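The structure comes next, followed by the points to look for in it.

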Amino acid sequence: LELIIMNKPQQLTFPWSKHNKFSFDDFFFDSSNKEIKLALENDEDLFLYGANDSGKSFLLQSTCDFYASDYKSSVYIPISEAIKHGTGFIDSLEGLDLICLDDIDLIASNKEWEIGIFNLINNCLTSECRLIFSSGINPSLINFELNDLRSRIKKIDHIELYPISDANLPEAIKFVSQLRSINLGDKEINYLVTYTKRNMSDLVEIINKLDQLSMELKRKITIPLIKEII
């Protein structure tokens, strides 16, 4: 794998790296998730877990961008892609300021990767590189075969990312639409909440499709237009 260190921002780039800009300002923090932003912005190792499509990957990449804005080095590693490769590329990452490993539960029962991550944790303890893990599973329920790795993971502070509550979905949709300068009325927002899947990942995708279709057809976003999408 070819590793590239960029100065502005200082992030390592891998074949799976996305060049989108991620920011905490673009994430709707539900009332139950207020402490998560503070936890991500501090210097302690962290294990973030929560339901699929709740925004964990976005938050890990936002943390990397947050570090880059302070000229600190970081890397975001989605295990779903990285596990297709050997672990050699993580052997010398402890010199960075931050390593974010997304979906760490995927390495369970993979001996090479369990040993690689265990060694990485030990190396980062020595070098004071910060580690942030994420998973759709509570860390205490991940079946790592390596007892030493299980022990190391348990010592890391963990915090749960909760789905947006039904009561706050209208506010979340309004937040996302305003970020994109999309005009959505209360009737349209309530219709989306009532007749679509109630997770932000799907709702953001629908809002983006609505915006595109609205521009193509030169029509306002109305309930009949929403029906064409959903």
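E205 is partly exposed, at a relative accessible area of 41%. The model it belongs to is predicted. E205 takes part in a salt bridge with K209, and the count for the structure comes to six salt bridges. The search for disulfides, which covers the whole structure, finds zero.

**The pair in helix α8**

- In the salt bridge between E205 and K209, the closest N and O atoms are 3.5 Å apart.
- K209 is partly exposed as well, its relative accessible area being 43%.
- Both residues lie in helix α8, which covers residues 200-217.
- Because E205 and K209 are four residues apart in this helix, about one helical turn separates them.

**Two further salt bridges**

- Side chains of opposite charge can pair when their charged atoms come close.
- K84 forms a salt bridge with E81, with 3.2 Å between the closest N and O atoms.
- D70 and K72 form another of the salt bridges, and their closest N and O atoms are 3.7 Å apart.
- This distance counts because a salt bridge requires the side-chain nitrogen to be within 4 Å of the carboxyl oxygen.
- D70 is partly exposed, at 47% relative accessibility.
- K72 is also partly exposed, with a relative accessible area of 29%.

**Cysteines without disulfides**

- Zero disulfides are found in a search of the whole structure.
- C64 is in no disulfide, and the nearest cysteine sulfur, which belongs to C100, is 3.9 Å away.
- C64 is buried, with a relative accessible area of 1%.
- For C129, the closest cysteine sulfur is that of C124, at 3.9 Å, which is too far for a bond.
- C129 is buried, its relative accessible area being 3%.

**Points to check in the view**

- Which residue forms a salt bridge with K84? The partner of K84 is E81.
- Is C64 buried or exposed? C64 is buried.

Key
Residues numbered from 1 in each chain as written. Predicted model: local features only at pLDDT ≥ 70, side-chain atom pairs only at ≥ 80, totals over all residues. Heavy atoms only, no water. Buried < 20%, exposed > 50% of the residue type's maximum accessible area, 1.4 Å probe, protein only. Helix = DSSP H or I, 4+ residues; strand = E, 2+ residues; numbered from the N terminus. Disulfide = S-S within 2.5 Å.
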